[in-house]
Amino acid sequence: MPAPNDRLITLAAGRWSGPVIRALGLPSPKALPRETGPLRAEALAGRQSALGGTGVTPTLQAAETALRSLGVDLLDAARSSGPNDPGGPSSPLDVAVFDATGLATVAALDGLRRFFAPGLGRLRPGGRLLLLARAPDTLAEPEAAAAAQACEGFMRSLAKEVGRRGATANLLWLDPGAEAGLAAPLAFFGGPRSAYVSGRTLRLAAAPIPAGHGLGGRTAVVTGAARGLGAATAERLAAEGARVLCVDVPAAGEPLEALARRLGGQALALDITAADAGARLVTALQATGGVDVVVHNAGITRDRTLARMSEAEWGAVLAVNLRAVLGLDAALDAAGLWRPGAREVCLSSISGIAGNGGQTNYAASKAALLGYVATRTRQAPAPGMTVNAVAPGFIETEMTARIPWGIREAGRRMNALSQGGQPQDVAEAIAFLAQPGAAGVNGQGLRVCGQALLGA
């Protein structure tokens, strides 16, 4: 659903107002289909999919098996990149997946055009295009690596073309042997839960994939949980069956308690920058015997140009957004509370990737988290543990609602989908990374930004 105060989405869809919007040259964003509630075993049931590739590869076979297990109506499982019109000339299309892991030459890149082009006219609103390719640094031949890297430029451009229809395109880099872990990424990127994720690459490594899905019986911690992205994340993890320890500052005690009661979880009023914060979190978790999911969501801004920024403004942002994360992790590590297969997710930001004037402190702290997760994954304190980051772009929250209208409109429209995201979109990305099936995603940063035009 569009933001309640984003009237442009409603106007662009109107019978009479839509043509006026287009005649004025204004963006015409489409309402993005989303899904609520817990993840279904057949997460893509009812969606029509086409599958193709450069030949019969282990990845193509694994993708077909995964798609069928997710309940899709597989219109075509093309075994080559030859001319084909997936699903026939009139079949609507929800998902198109192309296996490019067999690309070895630049000439073979034409297979991308020959597969995707025929289906674009039938792509439904909210359609999903997904490209699978070998990570270039795993390929020995320079031409094969060049062809693999070309997939990224192709995908990013295609995402901008289909974004005007509310559709998305993304790319999964696959390490050798990662095919067994395709089900969870296909469920996320192939369905409505990735509504605001487009033009993105994610690397999938070979990893043992636990059976089942959902977070039943698991304990999760969400900091900054009282409102906004934190509240949406706590709700989403609880919907998957997790018992959530909701953490926020004492001043937010009332909404924090209300959220925890509603979710059947527990509230912990805690200043995460306090000297005893780690010890208090450990005490709260010892009764559960450990922790399975930790989401470092708490963050603050103290925006000011660097020349005018005070030491206190710099220090406060670094303390909450970065030092507290390291301190809480150190306490959990020392107490041995991480359970096998644990999931840690840090909230970065597009500001940490692209930078933002007046936010040197904030951008530094959020960029630091990307470096932190990339290295911490190599030193994970529990077997099978993954550490990742989510980097939101412009998300419709109480904070962004207070931004002056002109700046707010620019933030909303400067992405391929021409609109702001919802807290739910960030929560869905976190829930994807937190699930057992995402074991192959590790040390990654996933942007939830509608393919923002700023940054990489």
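**Ground rules**

I am working from a predicted model, where local features need pLDDT of at least 70, side-chain atom pairs count only at pLDDT 80 or more, and totals for chains, interfaces and linings use all residues. Residues are numbered from 1 along each chain as its sequence is written, and side-chain values use heavy atoms, with hydrogens and water left out.

**Entry 1: the sheet**

I looked up the strand order. The sheet is open, has 7 strands and runs E9-E8-E7-E10-E11-E12-E13, with parallel pairing. Strands here are DSSP E runs of at least two residues, helices are H or I runs of at least four, and both are numbered from the N terminus. I take two strands as paired if DSSP finds at least two bridges between them. E9 and strand E13 (445-448) are the edges; each has a single partner strand, so one side of each lacks a neighbour in the sheet. On average, neighbouring strands are turned by 20° against each other, direction ignored.

**Entry 2: the E7, E8 and E9 end**

I checked the bridges next. Strand E7 (residues 219-223) pairs with E8 in the parallel sense over 5 bridges. Val221 stands opposite Leu245 in E8. Strand E8 (residues 243-248) also pairs in the parallel sense with strand E9 (residues 266-269), over 4 bridges. There, Cys246 has Ala267 of E9 as its bridge partner. I then followed the chain from E8 through helix H8 (residues 253-263) to E9: the three form a right-handed β-α-β unit. Right-handed means that, with the strands pointing away from the viewer, the path from the first strand over the helix to the second runs clockwise.

**Entry 3: helices on the sheet**

Contact means heavy atoms within 4.5 Å. Axes are lines fitted to C-alpha atoms, for helices over the stretch in contact, and angles run from 0 to 180 degrees between N-to-C directions.

**Entry 4: H7 against H8**

Helix H7 (residues 228-239) packs on H8 at about 15°, with the axes 10 Å apart. That makes H7 roughly parallel to H8; the class covers angles under 35 degrees, with over 145 roughly antiparallel, 65 to 115 roughly perpendicular and the rest oblique. The crossing is right-handed, that is, the near helix is turned clockwise from the far one by less than a right angle. H7 brings Ala231, Ala234, Glu235 and Ala238; H8 brings Leu259, Arg262 and Leu263. I count 5 nonpolar, no polar and 2 charged residues in this contact. Nonpolar is Ala, Val, Leu, Ile, Met, Phe, Trp, Tyr, Cys and Pro; charged is Asp, Glu, Lys and Arg; the others, Gly among them, are polar.

**Entry 5: H7 against H15**

The axes of H7 and helix H15 (residues 423-434) come within 8 Å and cross at roughly 45°. The two helices are therefore oblique to each other. Their crossing is right-handed. The contact includes Leu229 and Leu237 in H7, and Val426 and Ile430 in H15. Its residues split into 9 nonpolar, 3 polar and 2 charged.

**Entry 6: H10 against H12**

H10 and helix H12 (residues 360-376) have axes that come within 7 Å and cross at roughly 20°. That makes H10 roughly parallel to H12. This crossing is right-handed too. Among the contact residues I noted Trp314 and Asp329 of H10, and Tyr372 and Arg376 of H12. The contact divides into 11 nonpolar, 4 polar and 5 charged residues.
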